[in-house]
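Reader: I have a few questions about this model. Can we go through them one by one?

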Amino acid sequence: MTTPVLSVRDLVVEIPTRRGILRPVDRVSFDIAGGEILGVVGESGAGKSMTGNAVIGLLDPPARISSGEVLLSGDPIHNIGRERLRRLRGKRMGMIFQDPLTSLNPLLTVGDQLTETILEHLDVSQTEARKRAVAALEEVGIPAAAARINSYPHEFSGGMRQRVVIALALCAEPDLVIADEPTTALDVSVQAQIVALLKRLCRERGVAVMLITHDMGVIAEAADRVAVMYAGRLAEIGPVRQVITDAHHPYTSGLMASTPLASSGRERLRQIPGSMPRLESLPSGCAFHPRCERAAPKCRQDPYPRVEECDGRVACWYPLAGAEVAEASE
Amino acid sequence: MSALISVRGLSRIFDVSKPWLNRVIERREKAFLTAISDVSFEVEDKSVYALVGESGSGKSTVGKIIVGLLGPSKGTVEIDGVNLATEARRSEVERVRAEVQMIFQDPFASLNPRWRVRDIVNEPMAARGGDTEGLAERLLEQVGLSADDADKFPHEFSGGQRQRICIARALASQPRVIVCDEPTSALDVSVQAQVLNLMSDLREELGLTYVFISHDLTVVQHMADRIGVLYLGRLVEEAPRDTLFAAPKHPYTRMLFEAAPKMDGFGREVDPPKGEIPDPINPPPGCAYHPRCPLAEARCKEEPPEMRRLGETRVACHLAE
């Protein structure tokens, strides 16, 4: 078996506060292979962005990785110094953020930002770097790239700016790209363009992509596998088709049922009562039990269920089996 | 069924010029942005009319003009037979004003953080000098919160709960029409379902009419009876929900449907739409969609298409049939 590009093992992120230690990411494990897109979904506060930031080493203090491992092609990167990590970022890992305007420097031209990144990470001459920058812009579908390279970020539209950010993340040819809500700020038609671009680049270059989003539709179309997070913990992980059509975790199933669907018409949406617990007041046992209609005494007791201890796919003591899902949705 | 709201030939132009000194020094002309242009539609009593479109399509501007937060540059909006912009009788204006309320997108920005929930919810009634005794408590219970919440401040609530407070406030003056501007866009999916269900229940109980503004096609399909599609300030297509989704006639509507991510679209390879929304200050001549339209021919570049009726659909496209 080949080594996955990214391997996260029992990752725990802690934030010490006056009222105790919060765990926005609690013992999360997953792998991403080259050329694979792993979708990470969850509601706000589920810990998906925090997981992405922890992987790439961009946690804001006092948040820190307190235990667990992050392996990039087998090499640990969670405990190396800031300087070595900085050199890995951009070169072996790229990041795409939600808002393209805040992730570009408004005072530098797009070309300067691209060549700076290329010169920093690759051993090439200034002219070669410039050539590569134009090629990178062309690859992400920016028309007249040779002329546009001297433009400033504000001269691009939202969709074009996000393309520049993608070019920037990919210009030093990384093995792993973390895309944190890359299309949330964009319109539907532009979103379709960006999703198609991400998929093409992933396939052509064999990059491992961690796609963080709250949009199930984007996940269904782009991801190969999907990880569902709830209150900092992994609720379910598996091939995207299985998780979406045959959810085993009551939370995943509730999430699917509460999304309005083309087929559902005007019927009432199935709703999950309540909202996600706050990190400072997590319930004992399974974090979902106060909202779960299947909750049993075992669910209220620690330790909470984990994917590894259940069947490797779902973190639930009483997962929904295929027949029950059909029954529940009737 | 009669039309409760009728919007006729509505246009709104914003002056986006630089200050006069800059214009003199830089020798620039005044600049105008046509946010909406010649939009006409009717909303039937007790129905849900949805306006969809991408950013810059003018959907929020239409909503603001309907509630009277903005005045029209041209055209009229009549609610229950009263044109708020020109009506002279004060009593009529006040009656209709109370009948139209609005829910905004961001429940964090639309509640005054220094006011208690009771005062926020009572305000539309208090502003008219009505009786507010026990009103907030009753409304909060109606939207699924508890009467005790009236003494709290907005920061003590989550996003979904805040949107419920906004709904309670909108109900305070016993409106007939609620304009909902992206009411669930800031909410998570499971909370969105709660709010959408609440809105459907209230509509049935109270016989409300909604003007529902959204960019999310699945939400619109779930809520609306009739849908208007806006592109660059123009209404390009309008039809009953089922007709629109079964047979979209305008190429832009078709593109929107095609581009929207689908829950069952595993590994779907969409041919992504070309181009982006043009600059509304200098919109393309003729049909505004022609630079991106796969069907565009010479005529589309010159003549702006008229709104035509095709069966139950109204569509503004030369080539639609």
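Reader: Which residue of β7(A) is the bridge partner of I96(A)?
Author: This is a predicted model. In chain A, β6(A) and β7(A) pair in the parallel sense, over four bridges. One of the pairings involves I96(A), and its bridge partner in β7(A) is A179(A).

Reader: What is the bridge partner of A179(A) in β8(A)?
Author: β7(A) is also joined to β8(A). Those two strands run parallel and share five bridges. In β8(A), A179(A) has as its bridge partner L211(A).

Reader: What is the strand order of the open sheet in chain A?
Author: The sheet has six strands, and the pairing is mixed. Its edge strands are β6 (93-96) and β10 (233-239) of chain A, each pairing on one side only. From one strand to the next, the twist averages 15 degrees. The order is β6-β7-β8-β3-β9-β10.

Reader: Which residue in β10(A) is the bridge partner of M229(A)?
Author: Strand β9 (residues 225-230) of chain A is joined to β10(A) by six bridges. The two run antiparallel. For M229(A), the bridge partner in β10(A) is L234(A).

Reader: Are the faces of β7(A) covered or open?
Author: Five of the five residues of β7(A) are buried. In a regular strand, side chains alternate between the two faces of the sheet. In β7(A), L176(A), I178(A) and D180(A) are buried on one side, and V177(A) and A179(A) are buried on the other. Both faces are covered.

Reader: At about what angle does helix α1 of chain A run to β7(A)?
Author: Helix α1 covers residues 48-56 of chain A. The helix lies across β3 (37-41), β6, β7 (176-180), β8 (208-212) and β9 of chain A. Its angle to β7(A) is about 150 degrees.

Reader: How many residues of helix α10 of chain A are buried?
Author: The helix spans residues 250-258 and is mostly covered. The buried residues include P250(A), Y251(A), L255(A) and M256(A). T252(A), S253(A) and G254(A) are buried too. The count is nine of nine.

Reader: What distance separates the centres of the two domains of chain A?
Author: The domain assignment gives domain 1 as 35-56 + 81-230 and domain 2 as 249-261 + 269-329. Six residues of domain 1 are in contact with seven residues of domain 2. On the domain 1 side, four of the touching residues are nonpolar, one is polar and one is charged. Taken over C-alpha atoms, the centres are separated by 33 Å.

Reader: What is the radius of gyration of chain A, and what would a compact globule have?
Author: Chain A has twelve helices and ten strands. Its C-alpha atoms fill a box of roughly 65 × 50 × 45 Å along the principal axes. With 330 residues, a compact globule would be near 20 Å, which agrees with the value for chain A, 21 Å.

Reader: What percentage of the residues in chain B are buried?
Author: Chain B has eleven helices and twelve strands. Its C-alpha trace spans about 65 × 55 × 45 Å along the principal axes. Among its contacts between residues at least 6 apart in sequence, 65% join residues at least 24 apart. Of its 321 residues, the buried share is 45%.

Reader: Which helix supplies the largest share of the side of chain B that touches chain A?
Author: In all, 33 residues of chain B are in contact with 35 residues of chain A. On chain B, α7 (189-206), α8 (217-223) and α10 (251-259) each supply at least two residues of the touching side. By class, that side has 15 nonpolar, twelve polar and six charged residues. The largest share, eight residues, comes from α7(B).

Reader: Why does F104(B) count as partly exposed, and how many C-beta neighbours does it have inside 10 Å?
Author: F104(B) sits in the loop between β6 (100-103) and α4 (117-127) of chain B. Beyond its neighbours within four places in sequence, F104(B) is in contact with S110(B), C166(B) and D181(B). A residue is buried at 20 or more such neighbours and exposed at 12 or fewer. F104(B) counts as partly exposed because its number of C-beta neighbours inside 10 Å is 19.

Reader: What separates the C-alpha atoms of F104(B) and E182(B)?
Author: The two residues are 78 residues apart along the chain. Between their C-alpha atoms, the separation is 6.7 Å.

Methods
Residues are numbered from 1 along each chain as its sequence is written. Chains are lettered from A and ligands numbered from 1 in the order in which they are written. This is a predicted model: local features need pLDDT of at least 70, side-chain atom pairs count only at pLDDT 80 or more; totals for chains, interfaces and linings use all residues. Two residues are in contact if their C-beta atoms, placed from the backbone, lie within 7 Å. Ala, Val, Leu, Ile, Met, Phe, Trp, Tyr, Cys and Pro count as nonpolar, Asp, Glu, Lys and Arg as charged, and the others, Gly among them, as polar. Domain bounds come from an automatic or database domain assignment. Two strands pair if DSSP finds at least two bridges between them. Axes are lines fitted to C-alpha atoms, for helices over the stretch in contact, and angles run from 0 to 180 degrees between N-to-C directions. The radius of gyration is taken over C-alpha atoms; the globule rule is 2.2 Å times the number of residues to the power 0.38.
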